[in-house]
Amino acid sequence: QIGVLRTGGLALAVGGDRVARLLHRPWRLDPYPVYRDLRAAQIAPGGGPVRSRTGITAVATHASCAAVLRDRRFGVRLADGRRRMDEGGAGGAAAAVFEPVDLSLLTLDPPDHTRLRRLAQPAFSPHRLVEYRAVAEDVAARLLDEALARDRREGRFDLVRDLASPLPITVISALLAVPAVDRERFARWGRVLGSALDGVRSPAHARQLADSTADLRELFGGLLELRRREPGDDVVSALATAVDDGGATVDEVLALAQLLLVAGFETTTNLIGNAVRALLAEPGQWRALTGDPSLAAAAVEETLRFDPPVQLTARVAHEDTEVDGVPIRRDHGVLVLLGAAGRDPAAHRDPDRFDVRRARTSAHLAFSSGAHYCLGAPLARLEAEVALRLLAERAPRLRVAGRAVPRVATVLRGPLRFPVSAGA
Ligand code: HEM
């Protein structure tokens with residue numbers, strides 16, 4: 001039986017074998033034993049990265065994941081630049097197109113990728129990050145006031161609904177200079193489109209994505225027009241200028257703005273959710289953070305290694321090559337298991353232990369590596385750090401107050417709901 005494993009830009013067929021377990025519900029809820037098994041097979045004498053019967057190869061060690069991500073012989077499209085594999089083409093459905101949402105950079109190879117990535121880069125300059133920090137601190141403090149008031153009334157609040165989800169969307173609204181009146185709709189579309197990072201589940205899901213895309217294009221189209229007439233000091237103005245200078249088409253900049261919303265929303269929500277879950281699962285870890293809230297940044301890095309919000313990505317070989325001794329044919333897909341890399345004992349001592357005091361936790365692949373390295377990494381880090389520090393300072397007796405509801409997905413990982421109480 002063939003199943004399709006979808007990442008943001010690619011759909012990879014896997015079937016009836018060890019790699020395909022990643023599609024099954026119990027392993028979606030806890031994929032780490034599957035990763036361990038795939039890694040063991042990869043490093044066994046005479047072994048190598050495990051290949052699915054469909055031709056997809058899964059890489060599960062830190063070194064091999066990093067090598068594929070940094071290797072220019074791999075891209076996110078087929079070697080000839082197309083995105084769709086013809087029926088019966090090499091590798092079966094090894095790579096296929098993802099239609100309803102244009103995920104811009106995530107689906108582009110150089111030179112288009114290089115040109116458009118340059119346009120988005122100024123949105124993450126150091127002086128911009130200082131501004132975003134102020135916004136994040138302000139928003140997080142206000143959200144936590146409301147959450148703690150709810151906690152006093154109801155005996156608990158929902159970490160995801162009340163803090164982890166609204167925080168990133170408000171910061172991205174500021175980044176894209178979305179007017180206050182449009183922010184609620186913007187958040188709703190963001191939630192729908194964010195699910196695109198995990199692939200399209202059904203025709204109904206595809207329609208929902210297409211509708212939200214159309215609405216969002218209208219909003220961004222209006223913003224772009226406004227900034228064309230009255231340029232400001234924001235990323236949308238820079239995109240409008242690029243269109244006027246012939247550096248990009250309107251479609252390209254609309255997709256780029258949409259990607260900034262999609263890529264920065266659920267991912268950051270999951271990071272905050274996964275961090276609090278791991279911290280509360282080990283009383284000593286939460287105590288370490290409340291005793292020294294400056295450990296918040298280290299706790300964020302440790303979460304990115306231990307339980308990353310984006311578990312995997314994929315690449316397509318642009319020429320016949322090999323990984324760890326296993327040949328990979330041109331146009332065949334490689335599954336890069338970012339979540340497995342963080343648990344590789346060859347890269348991290350005692351990898352299944354969550355420890356905020358771990359030395360050098362930043363050597364993980366949670367933000368990918370190479371040409372597609374996450375543009376928003378500094379922003380994600382600062383938002384999560386602000387949230388954790390504030391929680392540790394203002395709710396030092398935080399505890400789990402009900403059953404968390406996990407997301408059942410292969411790419412994104414994190415709680416959908418997480419009841420907690422400040423225990424005051
Ligand atoms: C790309 C993870 C937050 C914007 C990526 C990729 C990963 C990732 C793994 C690369 C995928 C690949 O190599 O195929 C994360 C995680 C986040 C996060 C775990 C939060 C914890 C953000 C934020 C933004 C953002 C806050 C912006 C507002 C982007 C963009 C790309 C990207 C634009 C595409 C880069 C390219 O293709 O050149 N992210 N991300 N991300 N991320 Fe993030």
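Two strands count as paired here if DSSP finds at least two bridges between them. On that basis, in this predicted model, three strands make up an open sheet, ordered β6-β14-β11, with antiparallel pairing. The edges are taken by β6 (157–158) and β11 (399–400), and each has a single partner strand, so one side of each goes without a neighbour in the sheet. Between β11 and β14 (residues 419–421), the antiparallel pairing rests on two bridges, and R399 finds its bridge partner in S421 of β14.

Stepping back to the whole chain, there are 15 helices and 14 strands. The radius of gyration comes out at 21 Å, close to the 22 Å given by the globule rule for 424 residues, so the chain is as compact as a globular protein of that length. Along the principal axes, the C-alpha atoms fill a box of roughly 60 × 55 × 40 Å. As for contacts with a separation of 6 or more, 72% of them come from residues 24 or more positions apart.

Strand β10 (residues 333–336) has neighbours of both senses. With β4 (residues 57–59), β10 runs parallel, and three bridges join the two; T57 has V334 of β10 as its bridge partner. With β7 (residues 313–317), β10 runs antiparallel, this time over four bridges, and T313 sits opposite V336. As for the side chains of β10, G333 and L335 point one way while V334 and V336 point the other, and all are buried.

The buried residues of α3 are H62, S64, C65, A66, V68 and L69.

A set of 25 residues surrounds it, and L105, G264, S368, C374 and G376 are the closest. Three helices, α4 (112–120), α11 (250–281) and α15 (377–394), each put at least two residues into this shell. Of the contributors, α11 gives the most, with seven residues. Sorted by class, the shell around the ligand holds 17 nonpolar residues, seven polar and one charged.

Conventions
Residues are numbered from 1 along each chain as its sequence is written. This is a predicted model: local features need pLDDT of at least 70, side-chain atom pairs count only at pLDDT 80 or more; totals for chains, interfaces and linings use all residues. A residue is buried if 20 or more other C-beta atoms lie within 10 Å of its own, exposed if 12 or fewer, and partly exposed in between; C-beta atoms are placed from the backbone. A residue is near a molecule or strand if its C-beta atom, placed from the backbone, lies within 6 Å of it. Ala, Val, Leu, Ile, Met, Phe, Trp, Tyr, Cys and Pro count as nonpolar, Asp, Glu, Lys and Arg as charged, and the others, Gly among them, as polar. The radius of gyration is taken over C-alpha atoms; the globule rule is 2.2 Å times the number of residues to the power 0.38. Two residues are in contact if their C-beta atoms, placed from the backbone, lie within 7 Å.
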